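Here is a short report for a reader new to this structure. Take a look at the sequence and the model first.

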Amino acid sequence: MQYAELHARSAFSFLEGASSPEDIAIGAAALGLPSIAILDRDGVYGCPRFHFEAMKQRIKALIGAEVTVANPRIKGVSREIRYALLTESQTGYRNLCRLITAYKLREKHKGEGHSSPDEIANFSQGLILLTGGVEGPLAAALDRGGLAEATSELDRLIAIFGRGNIYVELQRHFNRSEEERNQAAIELARRFHLPLVATNGVQYAKPADREILDAFTCIRHKKTMLTAGTLLAENAERFIRSQEQMCAIFADLPEAIANTLEAACRLNFTLSDLGYEFPAFPIPDGETPNSFLRKRTEEGARNRYSRNPELYEKAMRQIDRELNLIAKLNLAGYFLIVWDLIRFCSRNNILVQGRGSAANSAVCYSLSITAVDPIGMDLLFERFLSEERGEWPDIDLDLPSGDQREKVIQYVYQKYGRAGAAMTANVITYRGRSAAREMGKVLGFDAAALNKLSSLIGSFEWKGPGDSIENQFKKGGFNLRHPRIAKYLDLCQRIQDLPRHLGQHSGGMIVCQGRLDSVVPLEPASMPGRVVAQWDKTDCEALRIVKIDLLGLGMMAVLEECLDLIPEHYGHSVDLAHLPQDDSQVYEALRRADTVGWFQVESEAQRASLPRNSPRVFYDIVVQVALIRPGPIVGQMTNPYLERRQKRQPVSYPHPSLEPVLKRTLGVPLFQEQLLRMAMACANFSGGEAEELRRALGSKRSQARMREIEQKLREGMTANDISPTTQDEIVRFISSFALYGFPESHSASFALIAYASGYFKCNYLAAFTAAILNNQPMGFYSPAVLVRDAQRHGLRVRPIDILKSECRCSIEREADNVVLRLGLNYVSGLRQQTAVAIVERRRLREYRTINELKLRVPELQENEFSMLASIGALNSLNGGTHRRDALWQVARAARSVGPLLREIEEHQNNSPLAPMTIEERLVADYQGVGLTTGRHPMSYRRKELNAMNVTPAADLAGKRNGHVVRIAGNVIVKQRPGTAKGLMFISLEDETGVARAVIMPDMFDKYRVTIMRDKYLLIEGKLQNVDNVVTVRATHVAQLEISAATTQSHDFH
Amino acid sequence: MFVAIHAPDFAAQAVLHSSAEAHGLSIHSKPVAILDGPLSLLRVFALNEAARQCGISPGMTRIQAEAFPQVELRQRSPELEASGQAAMVDCALRFSSQVEAASPGSIVLDAHGADRLFGPPKFLVATIAASASKLGFLVNIAIASNPDAAFYAALGFHGITIINPGQEAEWIASLFLSLLKIPAVVLTRLESMGIHTFHDLAALPSAPFVQRFGQDGLRLQNIARGRSHRELVPVTQSPQFIETHEFEDPIGDLEPLLFVLNRMLQSLFQKLQERSLGTNSLDLRLQLVLRLDRDLRHDRVLPNTKLFERSIRLPLPTQDHKTLLKLLHLDLSEHPPGELVKSAWLEAHPSALRFTQQGLFERNAPQPEQLEILLARLRGIVGENDRQGRDRVGMPVVLDTHSADAFAVKKFQPECNQHSPVATPRFALRIYRPPQPAKVKTVNGRPQAIGFDSHPSSTFRIIAASGPWRTSGGWTEDSERWERDEWDIAVENESIQMLRIYRDGGKRWFVDGMYD
């Protein structure tokens, strides 16, 4: 007799199931079950993963869900009922999705939600109901009123679902009350002539996983193992049982077993028949999507390439090839949808640029989706799209972060309807720290022990085999032999990667022709106006659902603001698509590593390598962006490249066939595309096969798959007479890159933005600085550092002034110069509405006195008013005053007096207060604005510093390598990267620039407190001045008393 | 004339004060830093001078402070601070009846007329300093003509400060405004105006200043000018019900001890009765003298006394000292001190008496006092705890677990008029304690026949069996792991008997009970 399991929950029932959908499918296949159904709580979250694993295991994946229905209170306790629903057909699946969406979206906030029996009646077609176990409607009815109530409940269910679509479910977990219910159910089934069906109400794959379920139960009920009591599972019987076991348990009811197979045969729906159609793009009569796309692409290509006939011809050939493939894969509609978004952005002046592998496509470039010319840069199309992969292409659009990006998202909702578009989900899983914290709570560890444990796991990243949780525990001094600690470790490891809750992906959107809620249930997001699908982006990709990533990028917002500011203040406009490509100032700044505020190349590590890479053309920037990345660093490619770049190492190739592939990067592989081309060149892989190779090596999921594809690679190389040693080297290159490598197209897209940011900074410093200050937080440096850097480049920065400052930082014209005026948004504690009121009312009439300001802007609260006075923003009122004077006036104006006395001016206007000293002004500036527009605090002490033999930062480059020097300044960055073996990098800023110091681990231990605590440091050490990279290797660190101003450093450790 | 006493770094001193009481250490040379804040972000909140000299400073994070291994890091304890403050108030009350607890670690007392008892001010402050030092506090003391001048001088100046009338402003001019007890926002505003010291504040013209800071500003300015006048807000120490007795010669027998305890109890209860209070909580602390001859072989010096503590709790407050004496008697009989008693200390925690009106038809429950005595007697007979750590006397309660037969014993408290919500079972199960080992023959896992160890020769046929009913748990540790398969069986003996049997994790069979 054959048995199919019709009722199983996976861990996507969030804390009510303990095994992943894959494990459920694997477990069922291992036991020889022909099919198994997953019915997760209120969703089909795990179904795609289950479906694909079941296909791999060659078993039938039955799809369904447990739908929660509100239940009247029984004996004072409100208990939810779960309807176990299985999808018989595509109609059933669609109804299930729409049913779940209906009640999920009814919830105002992200939450559970529940349906009503009437609602279920509306969506019951194509669904089969199992009467369920202890949580099912039959058990609830028996509880409420015994057999009589259960009879009327069955009548009602039959009316909803029809007699042929109900199975009376029996579960046997060796429990007395369950068996009592079973006997009642059997009697009812016979009375109603309904079929019986046996299930095991599976909650985990193996008996041992009951422990995880118990732990999850504790988390769900906020209990510990000691206090959870009877909430915990009674026994460990809810695992996947074999046919033999089930037949033995239901030996008295063979029909209940036989019916499982009969029911499973009826359930013909699988996710392969999802019925998803991506939206049809409206096209003129007489056109097909392919012909329409071809026309738009060709128009675009003419614009892009018309100036270079040779390139145009090459491009057209490539475009033709791409369009043919697009037509073959039936993807024209997808490209038109993305093109439509680009048109929307262009109509609304929203800056947009495609990134990622889309930049490999000439079609994308022609449609203005991307800005990198793949023909000119000879990029590999197969990385983007290949026939072999059979997947949707991945187009990521970078948009200015904030409101502009939201406009595009809302446009998608508007265009495809609330039920036609959704954000993709982001499944948050249990990882090192969260697993350690939750399991610690479950086992009842006290708060102190929990803190210790999670801090131990905190820095843990899954990097290599040596970095296991177990090793971290050992290093933390935990005794793994202690049974409780051993169990804790065991649980932490076992719940790794199990889903914890559903989040929202940062930018991924899916769209559908018609109703997306018929394809996947939708849920409300925490953010108002958004809905989230129940599947993450990998699942959507796998199920061939169109996905577009709309990603917010701070620098795009900066560039966009620059494009507005430049025509207004410099008298001419700039087109981002036509920036001069060879601006010498940009490349000189790059070679000097003068890149504070630039996109991607501003970090300390980037700046330390820039002089060595010495960029001269755009492609050098593309390389620079990819160079300081885990791939090249872990694969030990960064240094060889830089050595070859400086002609200290000869350019060589592992094999002559690789020369064309690696020539541009001097024989060192730096990009993912090169990995693909290497496989194509040396092992005769097709483009699609090479991408398959990258994916197999890039995912850690399947060791077997990796071995298989490596074998294929080696066979190809052997066929090409490549020696085993060279093969090893090539395999090493490829495997180190598969995981971390950066695609060249992506790097090129970023390099474009990096170049644009540098171009604006070099040519329109005031506009760039204003824009970057207006879009904080972003990038690597604090506003204080950005302002001082701009000042060093000659920009005059004016302080906040109540009569001149706008809400945002703005540009003013002074004589022939443009200057930057800090905006009111930078005043600490000043509310946005107050800033707006100040500026709006000033436009009507200028303020003359502090009293008048208070009267006309009643929104000004006392602390806001005092803050404005203390930072000098009110100095231009009352005919010119000083900060203390303003504070004195503010103190009076801020006190409420009756209307009679309100407008009486004080007779004695002179305040008894002394003006602020320089130090007091500095303190007030940093406290109130976070920066000073005046001189750098260090400059006031330069004489003393000279006497102490301290070298200013700007003079370091002129000192000899090996010289012992003293540097001093304000700490702006502290970095202790995990890969740097305990080294710490500190950047000290003075009035002349930034000096870098490296602290060895022993020095760090010695001066730990000073380094961690003090804002100004004096560091002595040997100067390392090599290849224009200047660093001081510290031998002594001391605290420096410069100013009490609270400056901020950006710390990474 | 007002005297202010201030213990600097009070949070640290309070901790040291407690250890001084407990260990008699030389306390102030030991560097101590007190941490406060949320557990995830503990920072140094207070520290003593010795710690300061090690390089530690307030505001440091715990991790930074841990870099100074010589400094003992302790977490802030409101209880210790409260007890330190109480000790300081007690000390001040010896010198004046008008004592104000100005802030944690600071006391101001009205010393008018104290010169007649203690002589000129310098003698008075020296005596106060000596008393505080005996308590284990290092204090600053200041004497001035008004309480605020004295208070801020004690806060701001080290050691003893005697301010002659009329010189207040001059003395306190150099103090920083941060000492003032004012809201942080006002302090920030003043400091942003460049007003940092009492002198700066005193020098501002009064009228404009009041326009800006109101009457509070005027008050502050008067303080800064050494001209404030106010009444003290005296502490009202709640009465403590403590009796102590020191024996001339240590005693070893219970009888003379109880004789003394009786007298102490009488005295305590008299005080309680005077205030219409009762008690349901009594703490006894005995200082015991160790028999040193036992420890002669040890090289190290052992403390020759130790504390012996017992507590008696009643469900309701009482004024009947005899009940408590009886309970003390029973408790000490069960837990004898074992050593000679040098001194006794008794504290009754006062509580308002409660009176209850019983219903006319309500069954009389035993008096709570009598019940407590009965329970104490029972404990004396059967002992306090069993091997599993459960109380031996009390009422059994079923534990919230699937594990069958798991129970705890909680304190016996009869609950009248409460009906069990559990429905009446259709069968009653008589549970065998302990369960009876059995031999069960199974076929395909189902029990077929059973034999009892008590009747080794006979085996009974099982005519019906229902099960298994399976439970398991305790998986967090192997030693606590349990599992159990229960069966309900019908056995044919002369009549048909229905039994519950089970097989444990060790595959042993037991008869759990018999269905009636």
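## Chain B at a glance

What percentage of the 516 residues in chain B is buried? Buried residues make up 40% of chain B. Buried means under 20% relative accessible area, exposed means over 50%, and partly exposed lies in between (1.4 Å probe, protein chains only).

Chain B has 14 helices and 20 strands. Helices (H or I, at least four residues) and strands (E, at least two) are DSSP runs, numbered from the N terminus. Of the contacts in chain B with a separation of 6 or more, 55% join residues 24 or more positions apart. Contact means heavy atoms within 4.5 Å.

## About the model

This is a predicted model, in which local features need pLDDT of at least 70 and side-chain atom pairs count only at pLDDT 80 or more, while totals for chains, interfaces and linings use all residues. Residues are numbered from 1 along each chain as its sequence is written, chains are lettered from A and ligands numbered from 1 in the order in which they are written, and side-chain values use heavy atoms, with hydrogens and water left out.

## Where the chains meet

The contact involves 42 residues of chain B and 44 residues of chain A. About 3500 Å² is buried between the two chains, and carbon and sulfur atoms give 54% of that area. Buried area is the accessible area (1.4 Å probe) that two parts lose on being put together, summed over both. On the chain B side, Arg212(B), Arg470(B) and Trp475(B) lose the most area to chain A. Together they give 23% of what that side buries.

Six salt bridges cross the interface. A salt bridge puts a side-chain nitrogen of Lys or Arg within 4 Å of a carboxyl oxygen of Asp or Glu. Arg470(B) forms one with Glu237(A), at 2.9 Å, N to O. Helix H9 (184-192), helix H11 (206-224), strand E17 (455-473) and strand E18 (482-492) of chain B each supply at least two residues of the side that touches chain A.

Arg181(A) lies in helix H6 (residues 176-192). Arg181(A) is buried yet has no salt bridge. The nearest side chain of opposite charge (Lys and Arg count as positive, Asp and Glu as negative; His and the chain ends are not counted) is Glu178(A), 4.8 Å away. Beyond its neighbours within four places in sequence, Arg181(A) is in contact with Val134(A), Ala139(A) and Leu142(A).

Ser152(A) sits in helix H5 (residues 137-161). Ser152(A) counts as partly exposed because its relative accessibility is 39%.
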